[in-house]
Amino acid sequence: MSGLRVTGWGTALPDRVVTNAELAETLDTSDEWIVERTGISERRVGGTTSELAIAAGRAALAKAGLEGSDIDVLLLATTTGDRIVPATAPTVQDALGITGGAVDLNAACSGFVYGLVMANGLLATGARRILLIGAETLSKITDWSDRSNAILFGDGAGALVIEATDGEGDLLGWDLGSDGSVTHILKCEHQGTIEMDGKEVFRRAVRVMVDSSRASLAKAGLDVGDIDLIVPHQANLRIIHSACQKLGIEPERASIVIDRYGNTSSASIPLALVDAIDSGRVTSGDTLLLTGFGAGMTWASAVLRWSR
Ligand code: UT7
């Protein structure tokens, strides 16, 4: 039996910083409103999804001490691929010198945690090393004249190298879900921009994050008191605080990057995870709860032991 172990991590962000004050130059909004209602102060904008994914993937490989040719499968979680067909993963595979398989997966903002669970399944059936990347250029599908949307989104990427380890590994429990009956509350049609019923998404988001977190903890045989750090999808600081409160997790135990990067969909959980690792908030033996929700509506949670 093989399980997973994280051995490398990395991120990539565009250089261009767009502050709330800059948005307020063209939109009827203010820094105060955006910070108070979302927790966002600035976001990064620029590049292509493949460029960001390549940079984050390269950093994660370097951290793991591996080459692209060591990777059996590249999983790229994204909703904003460079084009419709082919997928973006082959572009990243080629640039990184990966000789194994490469595929995009789209579960919106839940995509990275979906990918983590799929990686675990691949390792259980014979793969040895997987590169999992979440990368987005949401700026491409944002209506920059709509104040209720433009303030939320940003671009970026985060990546993990995941290797097989004997035994059950570090993924202790997981929960994946989907409810396609509410596709209409958050979507982007071909050639369109993001359309959203913000209040409805907010209401459902808190509920599914809480339920899914509890389900993954139950599968791990743990409870919230065992969690050292929660790494939530970064959509709105109020959603995170509300979910933490309902779960009984102090907000100080949450990794937060939304203030700097906004909502980066598939990239938000790896960006928050790597930020916590690099700032020394994660130590060997810690138990992490990754939880997210997104368009679909989808949701995904994973309990991950950190054994680096
Ligand atoms: O990855 C998942 C993606 N999406 C989400 O997670 C979004 C979840 N929803 C949200 O984060 C929040 O619903 C928003 C941030 C989108 C909106 O915040 P809200 O507190 O739900 O505001 P609201 O939509 O109820 O609007 C309240 C007021 C309205 O004005 P009136 O009708 O009361 O006069 C809006 O027009 O705030 C107004 N408003 C703004 N005012 C200043 C909406 N956007 C803005 C803005 N600046 N940017």
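This report walks through the domains, a sheet and the nonpolar cores of a predicted model.

## Ground rules

Residues are numbered from 1 along each chain as its sequence is written. Because the model is predicted, local features need pLDDT of at least 70 and side-chain atom pairs count only at pLDDT 80 or more, while totals for chains, interfaces and linings use all residues; side-chain values use heavy atoms, leaving out hydrogens and water.

## Two domains

Let's start with the overall division: the chain splits into domain 1 (2-166) and domain 2 (171-305), with bounds taken from an automatic or database domain assignment. Their C-alpha centres are 15 Å apart. Across the boundary, 47 residues of domain 1 are in contact with 44 residues of domain 2, contact meaning heavy atoms within 4.5 Å.

The two domains bury about 3,600 Å² between them, 68% of it on carbon and sulfur atoms. Buried area here is the accessible area (1.4 Å probe) that two parts lose on being put together, summed over both. Cys109, Val113 and Tyr114 supply 17% of the area that domain 1 buries against domain 2, more than any other three residues.

## An open sheet

Next comes a mixed, open sheet of 5 strands, ordered β1-β7-β6-β4-β5. Strands (E, at least two residues) and helices (H or I, at least four) are DSSP runs numbered from the N terminus, and two strands pair if DSSP finds at least two bridges between them. β1 (2-12) and β5 (101-105) are at the edges with a single partner strand each, so one side of each has no neighbour in the sheet. From one strand to the next, the twist averages 20 degrees.

β1 runs antiparallel to β7 (residues 155-166), joined by 10 bridges; Ala12 has Ala157 of β7 as its bridge partner. Helix α5 (residues 111-124) packs on the sheet, touching β1, β4 (73-77), β5, β6 (129-137) and β7, and its direction makes about 165 degrees with that of β6. For such angles, axes are lines fitted to C-alpha atoms, for helices over the stretch in contact, and values run from 0 to 180 degrees between N-to-C directions.

## Nonpolar cores

A nonpolar core is a set of buried Ala, Val, Leu, Ile, Met, Phe, Trp, Tyr and Cys residues joined through side-chain atoms within 4.5 Å; buried means under 20% relative accessible area (1.4 Å probe, protein chains only). The largest core has 41 residues, of which Leu116, Ile162 and Leu288 touch the most other members. At least three residues come from each of domain 1 and domain 2. Apart from this core lies another, of 39 residues, including Val208 and Ile240.

Definitions and conventions: Buried means under 20% relative accessible area, exposed over 50%, partly exposed in between (1.4 Å probe, protein chains only).
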